[in-house]
Amino acid sequence: EPLCKLVKSFKKDYTNQNSLSDNAIHALLLDKDNGCWVGTFFGGLNHIFNNKRTIHQYLPLNEKTNVVEANIIREIHPDHKGNLWIGTEDGGLAKFNLQTHDFRMKTLLHNGTKVVNIQSLCIDGDNMWVGTYMNGLLKVNCETLEIVNQYPYLNTNNVVCILKINSGELLLGTFSGLFYLNEKTKSAYKVPGAENFFIHTMHKDAEGQIWIGTFSDGLYKLS
């Protein structure tokens, strides 16, 4: 008897508007009602209600023109004010209001240029860390979207995933290894043994163990 088995599937069905908007899944988030938020590669954001087949589809709109601006959802992260922050690979940062279901793109500027490709998010109180492709790691105020900190001592421009391990201490997964960053001492270094891995995802379990998933080099546990 297997320990687990597939019990239900959700797929895109071109004849059913209540199906998933795309079959390529990039991000998942379970909410307090046991619903599932699904970020797709080219179909925006989906919400599956708990134990129901009903699926709602959402696409982020431009703040002024109401034109759809992004399809590729890379990251979904809740804040403490009832919003979901969404990182997209083709439009930048978006914000989903869970009360009104208003889904809008938010302009995040770095050196005067809009940040378009966002790989990872990590909320920290009223601020959030934003991991980007080609713009490095940014710390942004959630209300104003002003950049409150940058990290020139971090020797990479591409941050794929972020894990907060203590106040001001982060692990960063990148195309070229695993980095430890300490905001207080303004220092960062590559973690020995993982210098050349493409780090794709990280998770801290209930016992405090940190698991690291790579693109092509397997699964690791950090000691």
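This is a predicted model: local features need pLDDT of at least 70, side-chain atom pairs count only at pLDDT 80 or more; totals for chains, interfaces and linings use all residues.
View 1. G213 stands opposite L219 in β21. Strand β20 covers residues 210-214 and is joined to β21 by four bridges, the two running antiparallel. Strands here are DSSP runs of E with at least two residues (helices are runs of H or I with at least four), numbered from the N terminus, and two strands pair if DSSP finds at least two bridges between them.

Residues are numbered from 1 along each chain as its sequence is written, and side-chain values use heavy atoms, with hydrogens and water left out.

View 2. T214 lies in strand β20. Because its relative accessibility is 13%, T214 counts as buried (buried means under 20% relative accessible area, exposed over 50%, and partly exposed in between, with a 1.4 Å probe and protein chains only). A polar atom of the T214 side chain lies 2.7 Å from the backbone nitrogen of D217. The backbone oxygen of G218 lies 2.8 Å from a polar atom of that T214 side chain.

View 3. All six of the six residues of β6 (residues 83-88) are buried, so the strand is largely enclosed by the rest of the structure. N83, W85 and G87 point one way from β6, and L84, I86 and T88 point the other way. Strand β5 (residues 73-78) pairs with β6 in the antiparallel sense over five bridges, and H77 stands opposite W85. The hairpin of β5 and β6 has four residues between the strands, and G82 takes a positive phi near 85 degrees there. Five bridges also join β6 to strand β7 (residues 93-97), again antiparallel, with G87 opposite L93. In the hairpin of β6 and β7, which has four residues between the strands, G92 takes a positive phi near 100 degrees.

**View 4. A four-stranded open sheet.** Here the strand order is β11-β12-β13-β14, with antiparallel pairing. At the edges stand β11 (118-124) and β14 (147-150), each with a single partner strand, so one side of each is left without a neighbour in the sheet. The twist from one strand to the next averages 25 degrees. Look between β13 and β14 for an antiparallel pairing over three bridges, where L138 has Q150 of β14 as its bridge partner.

**View 5. M134 in its loop.** M134 sits in the loop between β12 (127-132) and β13 (137-141). With a relative accessible area of 49%, M134 is partly exposed.

**View 6. Y14, ahead of the strands.** Y14 lies in the segment before β1 (25-30) and, at 75% relative accessibility, counts as exposed. The C-alpha atoms of Y14 and G173 are separated by 36 Å, the two residues being 159 apart along the chain.

How values were computed
A polar contact is a pair of N or O atoms within 3.5 Å; within protein, one must be able to donate a hydrogen and the other to accept it, and residues adjacent in sequence count only if both atoms are side-chain atoms. Axes are lines fitted to C-alpha atoms, for helices over the stretch in contact, and angles run from 0 to 180 degrees between N-to-C directions.
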